[in-house]
Amino acid sequence: MAQPWLFLTRKIKLVLLPLISAILTAVYVEMDKLLLTYFIPDEFAFTFISLWLGTISLIGLMLIMITPLKRGTYLGEYLDPNFRRIIIPKGGLLYWIIIAALAGSVSTFTYFQIISVSNPALILPFSKLMIVYLIVLESMSDRDMPTIIEVQSIILILTGVFLMAAGDVAFNPITIGVVLGPYNISGVIFTIAVRNAKKRIYMGERVDSINIRLWVLTLNSLFTTIIFAPFIFTPSSIGYITSLTPLLVLLIIIDMMTATFASITYIRALAVAKMSIVNSILAFTVILGIAFTLIGDMLIPGGFGTINLTGIYGMLTFTGVVMITVGIFTIATTQVKGYLLIYLEKNAGYILQTVMKIRGITRISAVSGVNMLIAELKIRSLGKAYRTIVTELEKIDGIKKVNTLTSIKEWEKI
Amino acid sequence: MIKAYIMLNLSLGNTKKILEEIKKLEYIDSISVVTGPVDVVLTVSVNRLEELYNLTYEKLSSIQGINNISTYIVEKEMLSEEEQE
C-alpha cells in the first residue's frame, strides 16, 4: 500500500488543494451568514463563540489525528503527510505563528463585521484583490518575478471575479473599504506568515499544516478575546454566550471544523505554489459563493441574501465564471521543476555558495561519490531555466559540465 | 538524519509498473520522473546507513526493470532563503 502523499502528483495537488479549500470556504462562509442571521445576531458574541468552540474542537481533532495506524504511521498523515505529533512551536516557527495569529485576529474580526452587514457572495470578490497585493510583494522579491502567463492568468481571474461582483450596484462603500483595507492587508500578512511557518523544518520534517492551524487558531482566539474584549464582554454579547443550546454548539462546531479543513488545505497549498497562485485558484470560492447562496435561498428564502442573475447580470456572471475557470487551469500548467547535476573541477567546493545565489535554485547538495553538486530547481517557465543554466551557471569558474534533468511527473511529500 | 539522492535507469516499457513498486517503499521523500541521462530521481531520508543499504541493495535492486542504481549521499546541503529553517 502506497503512502497517502503518493496518491497525487505535485501538479494535481497544486490545483486540488486550493480548490478543496475554496469549496470548504464557500460552505463555512454561508454557514456563518446563516448562524449570524438567525441564531446569534451579534457579531462580537459570534466571533468569540466561534473562535473558542473552533479551538476546543480542533484540540479534539488533534487527539484523533495522533491515533497510530499500522507500521508507525498516523491518521493525521492522510490530512498532511508531514504530520507526526502535536508539536510545541519555538524560535522562528513560534514567531511566524504569532504574526499569523495577530493578523488572523484582525482578519477574523473584520470578516464577521463584513458578513454581518453584507451578502457574502457579493463581498467575497473584493477580498480577492489580495492577489494583487501578493503579486506586488512577490515581484519586489528579486528571486520571484511572475511569468507572463501567470500575470495573464491572474488578470483573467481577477477580471472574472469583478464581473461576477457586478450583479449588485447597491454596495456599501464602508464595507468595501474595510474589505480592501484591513481585511485584505491582514489576509496578506496572515498568508505570508503561515507560508513561512509551513516552510520550516522541525525535527527533520517540514512543519505540518494541522499543527500550524492548531497554534494559529488558539493564539488567534486569545488575541481576539484580549484586543476586542470591550466589544465582546457587553451585557448583550454575554447574554448570547451564556445561552448557547447544544444544537447551536453543534452547528458552530461543524462550521468551525469546515473552516479548519479549509485552512489546512490552504496552508498545504502554500507549500506547493506561490501565494498569488494559490489565492488565484482559491478565487473559485466566488463561483461557489453564488451557487451556494442560490441553493441556500431556495431552502431558507432571504437567509443568505439574494443575487440578481437576470439579463445583463446573468451574462456578466457567466462570463466571469468562464474567465476564472480558464485562468485557474492555465496557471496550473506553468510550473517546472528539475535537477541540475553540476560536475566540478578539483578543489571547487567553494562553488556551493555561489550556485545557491542563482534564482530558482531552492536546494543544493554536495554529494559523495563523484565531484558533483546536485541542485534542485523550482521555476515557473522553461525560459527561466535557460536563464539559470546558460546565463548564470556558465559564468562560474570551476564547473566542468551541467546535466539538466527536467521533471515530467513528480510526487512530493507536501 | 541521512539524506541521499538515488538515480535510476529503467528499461523501456516498465516505467508505470516500476513507479508503483517504488511508491510502496519506505524512507522516500519524493519521486521525479525526469528527462536526461537518468530516468527517475528519488530523494530519501534515513536514520542509519543500514536503512539506505536495505533500500538500495535489497528493495530497489529486486524491482524488475531497474537497470542501474546510483546513490549519492548528501554531505553538505544548502537551502534557499525561502526553504531555510
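A:Ser21 is buried, with a relative accessible area of 1%; buried means under 20% relative accessible area, exposed over 50%, and partly exposed in between, with a 1.4 Å probe and protein chains only. What you see is a predicted model, where local features need pLDDT of at least 70, side-chain atom pairs count only at pLDDT 80 or more, and totals for chains, interfaces and linings use all residues. Residues are numbered from 1 along each chain as its sequence is written, chains are lettered from A and ligands numbered from 1 in the order in which they are written, and side-chain values use heavy atoms, with hydrogens and water left out.

Back to the serine. A:Ser21 sits in helix α1, residues 10–38 of chain A. Helices here are DSSP runs of H or I with at least four residues, strands are runs of E with at least two, and both are numbered from the N terminus. Setting aside residues up to four places away in sequence, A:Ser21 touches A:Ala262, A:Thr265, A:Tyr266 and A:Leu282, where contact means heavy atoms within 4.5 Å.

Now the partner. A:Ala262 belongs to helix α11, residues 246–272 of chain A, and at 3% relative accessibility it counts as buried. Its contacts, again without residues up to four places away in sequence, are A:Ser21, A:Leu24, A:Thr25 and A:Tyr28. A:Ala262 and A:Ile23 are 239 residues apart in sequence, yet their C-alpha atoms are 8.0 Å apart.

A:Thr9 is in the segment before α1 of chain A and counts as buried at 11% relative accessibility. Beyond residues up to four places away in sequence, A:Thr9 touches A:Lys409, A:Glu410 and A:Trp411.

On to the aromatic rings. A pair of aromatic rings is described by the distance of the centres and the angle of the planes. Rings of Phe, Tyr and Trp (its six-membered ring) pair if their centres lie within 6.5 Å; planes under 30 degrees apart count as stacked, over 60 as edge-to-face and the rest as tilted. How many aromatic pairs are there over all chains? A search of the whole structure gives 12. In one of them, A:Phe44 and A:Phe109 have ring centres 5.4 Å apart and planes at 40°, so the pair is tilted. A:Phe44 is in helix α2 (residues 43–65) and A:Phe109 in helix α3 (residues 91–117), both of chain A, so the pair ties together parts that are 65 residues apart in sequence. Are these two buried or exposed? Both A:Phe44 and A:Phe109 are buried.

A:Tyr339 and B:Tyr5 make an edge-to-face pair, 6.0 Å from centre to centre with 85° between the planes. A:Tyr339 lies in strand β3 (residues 336–344) of chain A and B:Tyr5 in strand β1 (residues 2–10) of chain B, so this pair joins two chains. A:Tyr339 is buried at 0% relative accessibility, and B:Tyr5 is buried as well, at 2%. There is also one aromatic cluster, formed by A:Tyr28, A:Phe46, A:Tyr111, A:Phe112 and A:Tyr183.

Next, helix α16 of chain A, residues 382–392. Its buried residues are A:Lys384, A:Ala385, A:Thr388 and A:Ile389. They cover an arc of only 125° around the axis, which puts them on the same side of α16(A); the arc is that of the directions from the helix axis to the C-beta atoms. A:Gly383 and A:Tyr386, on the other side of α16(A), are exposed. The cover over the buried residues of α16(A) includes β3, β4 (361–367), β5 (372–379) and β6 (399–412) of chain A.

Last, a stop in chain B. B:Glu51 is in helix α2 (residues 49–59) of chain B and counts as buried at 9% relative accessibility. A polar atom of the B:Glu51 side chain lies 2.7 Å from the backbone nitrogen of B:Asn47. Leaving aside neighbours within four places in sequence, B:Glu51 is in contact with B:Tyr27 and B:Val46.

Notes. A polar contact is a pair of N or O atoms within 3.5 Å; within protein, one must be able to donate a hydrogen and the other to accept it, and residues adjacent in sequence count only if both atoms are side-chain atoms.
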